[in-house]
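Hello,

Here is the structure I promised to pass on. Please open it next to this email, and my notes follow below.

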Amino acid sequence: ELHMIQREWLSSVLTQGQKVDEFSDSFKSVEMADVMISSIQGSLQLARIRKDPDIFKKVSSHLLRQILA
């Protein structure tokens, strides 16, 4: 249930950003929300396993570039 709440919230934020031209309109907000949530969760796991916090930072930066492009 928490995942769905987060997904709906993020999708809404992305949609609003697209409406005011802050975010690219090259993606569907629900799909990008799924990509962002799974990427963030995966990068946190990898960062912990590898003891390398830069993994999370790199993934986060890449996601921002995707939505702002």
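Gln18 touches Phe23, Ser24, Asp25, Phe27 and Ser29, leaving aside residues up to four places away in sequence. Please keep in mind that this is a predicted model.

Where does Gln18 sit? Gln18 lies in helix H1, which covers residues 2–19. Is Gln18 buried or exposed? Gln18 has a relative accessible area of 16%. The cut-off for buried is under 20%, so Gln18 counts as buried.

One of the residues that Gln18 touches, Ser24, also comes up in a polar pairing. A polar atom of the Gln18 side chain lies 2.9 Å from the backbone oxygen of Ser24.

Now the whole chain. There are three helices and zero strands. Read from the N terminus, the order of elements is α-α-α. The C-alpha trace spans about 40 × 30 × 15 Å along its principal axes.

How much of the chain is buried? Of its 69 residues, 26% count as buried. Gln18 is buried too.

Residues 24 or more positions apart account for 43% of them.

The chain exposes about 5,200 Å². Carbon and sulfur atoms supply 58% of that area. The chain has 9 positive and 9 negative charges.

Best wishes

Notes. Residues numbered from 1 in each chain as written. Predicted model: local features only at pLDDT ≥ 70, side-chain atom pairs only at ≥ 80, totals over all residues. Heavy atoms only, no water. Helix = DSSP H or I, 4+ residues; strand = E, 2+ residues; numbered from the N terminus. Buried < 20%, exposed > 50% of the residue type's maximum accessible area, 1.4 Å probe, protein only. Polar contact = N/O pair within 3.5 Å; in protein donor to acceptor, adjacent residues only side chain to side chain. Contact = heavy atoms within 4.5 Å. Areas by Shrake-Rupley, 256 points an atom, 1.4 Å probe, with all protein chains shown as cover. Lys, Arg positive; Asp, Glu negative; His and termini not counted. Charge placed at Lys NZ, Arg CZ, Asp CG, Glu CD.
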